[in-house]
Amino acid sequence: MSRKAVEARKPVERAPVTSMRLDKFLKVSRIIKRRSVANDACSTGHITVNGKEAKPGTDIRVGDVLGVRFGEKYTEYEVLSIGEHALKQDAADMYRVKA
């Protein structure tokens with residue numbers, strides 16, 4: 001096997017994810033089920049990050065507090081971890097609901 005073929009078979013090492021777009025986090029963590037809905041919620045002022053209105057492309061990091069308002073219901077979430085993908089049963093581990 002050639003050196004090039006051996007190199008191609010090695011797993012790619014990726015740097016750990018330290019930030020993520022707000023709309024993508026909302027979808028991956030399943031706080032909001034669809035990214036298009038998350039994008040609309042951000043664009044219309046229903047989402048805040050650390051008390052400030054946020055746009056869909058806002059970068060979030062571990063420790064940020066997200067406020068989500070739908071109708072009369074307002075919920076705050078603290079970001080505990082960030083990942084590109086999460087299984088359905090692991091998605092709730094990405095955040096903590098603040099009381």
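User: How accessible is R21, in relative terms?
Analyst: R21 counts as partly exposed, at 36% relative accessibility. Buried means under 20% relative accessible area, exposed means over 50%, and partly exposed lies in between, with a 1.4 Å probe and protein chains only.

User: What kind of model is this, and how are residues numbered?
Analyst: This is a predicted model, in which local features need pLDDT of at least 70 and side-chain atom pairs count only at pLDDT 80 or more, while totals for chains, interfaces and linings use all residues. Residues are numbered from 1 along each chain as its sequence is written, and side-chain values use heavy atoms, with hydrogens and water left out.

User: Back to R21. Which side chain does R21 meet in a salt bridge?
Analyst: R21 meets the side chain of D23, with 3.1 Å from N to O. A salt bridge here is a side-chain nitrogen of Lys or Arg within 4 Å of a carboxyl oxygen of Asp or Glu.

User: Is D23 buried or exposed?
Analyst: D23 is buried, because its relative accessible area is 1%.

User: How many salt bridges does the whole structure have?
Analyst: The search finds 4 salt bridges. One of them joins K24 to E84, whose closest N and O atoms are 2.6 Å apart. This pair links distant parts of the chain: K24 is in helix α2 (residues 22-28), E84 is in the loop between β6 (73-79) and β7 (95-98), and 60 residues separate them. Helices (H or I, at least four residues) and strands (E, at least two) are DSSP runs, numbered from the N terminus.

User: How exposed are K24 and E84?
Analyst: K24 counts as partly exposed at 23% relative accessibility, and E84 counts as partly exposed at 36%.

User: What is the salt-bridge partner of R96?
Analyst: R96 pairs with E78, and their closest N and O atoms are 2.4 Å apart. R96 lies in strand β7 and E78 in strand β6, so the bridge ties together parts that are 18 residues apart in sequence. R96 is partly exposed, with a relative accessible area of 43%, whereas E78 counts as buried at 19%.

User: What else does E78 touch, beyond its sequence neighbours?
Analyst: Leaving aside neighbours within four places in sequence, E78 is in contact with G63, D64, V65, M94, Y95, R96 and K98. Contact means heavy atoms within 4.5 Å.

User: New topic: what is the strand order in the sheet?
Analyst: The open sheet has 5 strands in the order β3-β2-β5-β6-β7, with antiparallel pairing. Its edge strands are β3 (52-53) and β7, each of which pairs on one side only. Two strands pair if DSSP finds at least two bridges between them.

User: How many bridges join the strands?
Analyst: Strand β2 (residues 47-49) and strand β5 (residues 65-70) pair over 3 bridges in the antiparallel sense; I47, for example, has V68 in β5 as its bridge partner. β5 and β6 are antiparallel over 6 bridges, and G67 has E76 in β6 as its partner. Between β6 and β7, which run antiparallel, there are 4 bridges, and the partner of V79 in β7 is Y95.

User: What about the hairpin of β5 and β6?
Analyst: That hairpin has 2 residues between the strands, and G71 takes a positive phi near 65 degrees.

User: Which residues of helix α3 are buried?
Analyst: In α3 (residues 35-43), A38, A41 and C42 are buried. Seen down the helix axis, the buried residues of α3 fall within an arc of 100 degrees, so they line one face of the helix. This arc is that of the directions from the helix axis to the C-beta atoms.

User: What do they pack against?
Analyst: The buried residues of α3 pack against α2, β2 and β5. Just after α3, G45 takes a positive phi of about 85 degrees.

User: Which residues of the largest nonpolar core touch the most other members?
Analyst: Of its 21 residues, these are L22, F25, L26, I31, I47 and L66. α2, α3, β2, β5 and β6 each supply at least two residues of this core, and the largest share, 4 residues, comes from α2. A nonpolar core is a set of buried Ala, Val, Leu, Ile, Met, Phe, Trp, Tyr and Cys residues joined through side-chain atoms within 4.5 Å.
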